[in-house]
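Please read it with the sequence and the model at hand.

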Amino acid sequence: MSSRRQMDHLQRTAAQSRHTALYPAHVCGITDESDTVKRLRLAVHPDFSFKAGQWVDLFIPGLETVGGFSMCSSPGLMQREGVIELAVKYTQHPPARWLHTQCTTGSQVAVRAGGDFFFDPAPSDPALDLLLLGGGVGINPLYSILLHTADLLRTNRANISTAHICHSAKNTQELLFKSSIVDMHEEFSSTISCEFHVTQQGGDVEPRLQPYTSRGRITAEHLQAHVHPQSTLCYLCGPPLMIQALSSSLKELGLPEERIHFEKWW
């Protein structure tokens with residue numbers, strides 16, 4: 001996402017659904033997810049709610065620019081602990097720069113959930129095969145969806161036959177949430193599978209990731225085994241050219257357009 005596009009978050013998302021209420025929140029945890037990405041934990045108001053895959057409008061005191069960041073946590077975590085999480089890559093965009101350079105534990109902000117890119121199946125819905133395809137920090141909403149899927153599987157609240165996630169990044173250091181994704185695969189090995197792609201890896205891949213990692217971009221050949229035209233529901237998030245290429249591949253593999261949901265997040 002260019003600086004100009006980031007500046008226009010409210011304008012760019014004006015046609016999408018969003019809550020009307022703005023809720024106070026405060027930062028209760030900050031960790032480094034990678035050299036360029038900070039993961040922030042925000043304690044939110046009890047009335048705040050969201051669906052897996054949605055973003056927040058982030059209002060920062062003293063900044064005119066409103067940030068827009070996908071949540072990388074599940075609705076279940078919010079219900080259990082009253083928190084949401086964001087993973088924000090450093091850029092010169094004022095909200096991202098503030099989160100990296102000025103934000104501290106205890107910082108006060110305000111949030112509002114929104115977005116039409118979400119996964120919220122009902123127990124009565126037909127069985128589905130979930131396919132999640134992410135590039136770079138586009139993994140954020142997909143990770144939220146995968147966490148929600150794991151919550152649903154633990155409580156038998158959805159009819160999910162399979163869930164496959166593909167994440168592409170320059171190198172394994174930039175593969176956000178990789179350990180947690182492998183953990184979910186190991187917990188639900190008959191349902192959840194994962195695949196990582198690195199395009200500029202300089203050295204060896206760490207042993208735990210080796211069985212799941214390929215060099216190069218995600219291609220139609222990688223997707224073919226996971227596309228079932230009648231049951232696959234695909235969510236895509238990443239750079240526009242990646243979304244364009246993978247959407248075309250999915251359609252060529254027979255997946256109807258209405259079963260492909262995407263978000264161009266930069």
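**Briefing on the predicted model**

Strands S1 and S2 make up a hairpin, with four residues lying between them. The model is predicted.

**Strands around the hairpin**

- Strand S1 (residues 23-32) runs antiparallel to S2, and seven bridges join the two.
- Within this pairing, Thr-31 has Arg-39 of S2 as its bridge partner.
- S2 also pairs with strand S5 (residues 83-89), again through seven bridges and in the antiparallel sense.
- Opposite Arg-41 stands Glu-85 of S5.
- Strand S2 (residues 37-44) is mostly covered, as seven of its eight residues are buried.

**The six-stranded sheet**

- Six strands form an open sheet with parallel pairing, in the order S10-S9-S8-S7-S11-S12.
- The edges are strand S10 (213-215) and strand S12 (260-264), each of which pairs on one side only.
- On average, neighbouring strands of this sheet are turned by 15 degrees against each other, with direction ignored.
- Strand S7 (residues 128-135) and strand S11 (residues 232-238) run parallel and are joined by six bridges.
- Cys-234 in S11 is the bridge partner of Leu-131.

**Nonpolar cores**

- The largest nonpolar core has 41 residues, and Phe-119 and Tyr-235 have the most contacts inside it.
- Two or more residues of this core come from each of S7, H5, strand S8 (160-169), helix H6 (178-187), strand S9 (192-198) and S11.
- H5 gives nine residues, the largest share of this core.
- This core lies between domain 1 (9-114) and domain 2 (128-264), because both domains give residues to it.
- Setting aside neighbours within four places in sequence, Phe-119 contacts a group of residues including Ala-52, Leu-128, Ile-145, Leu-152, Ile-160, Leu-233 and Tyr-235.
- A second, separate core has 24 residues, among them Val-56, Leu-58, Val-88 and Val-109.

**Asp-151 in helix H5**

- Asp-151 is placed in helix H5 (residues 139-155).
- The relative accessible area of Asp-151 is 9%, so this residue counts as buried, the cut-off being under 20%.
- The side chain of Asp-151 makes a polar contact with the side chain of Ser-74 at 3.2 Å.
- Not counting residues up to four places away in sequence, Asp-151 touches Ser-74, Gly-76, Arg-80 and Arg-157.

Note on methods
Residues are numbered from 1 along each chain as its sequence is written. This is a predicted model: local features need pLDDT of at least 70, side-chain atom pairs count only at pLDDT 80 or more; totals for chains, interfaces and linings use all residues. Side-chain values use heavy atoms; hydrogens and water are left out. Two strands pair if DSSP finds at least two bridges between them. Axes are lines fitted to C-alpha atoms, for helices over the stretch in contact, and angles run from 0 to 180 degrees between N-to-C directions. Buried means under 20% relative accessible area, exposed over 50%, partly exposed in between (1.4 Å probe, protein chains only). A polar contact is a pair of N or O atoms within 3.5 Å; within protein, one must be able to donate a hydrogen and the other to accept it, and residues adjacent in sequence count only if both atoms are side-chain atoms. Contact means heavy atoms within 4.5 Å. A nonpolar core is a set of buried Ala, Val, Leu, Ile, Met, Phe, Trp, Tyr and Cys residues joined through side-chain atoms within 4.5 Å. Domain bounds come from an automatic or database domain assignment.
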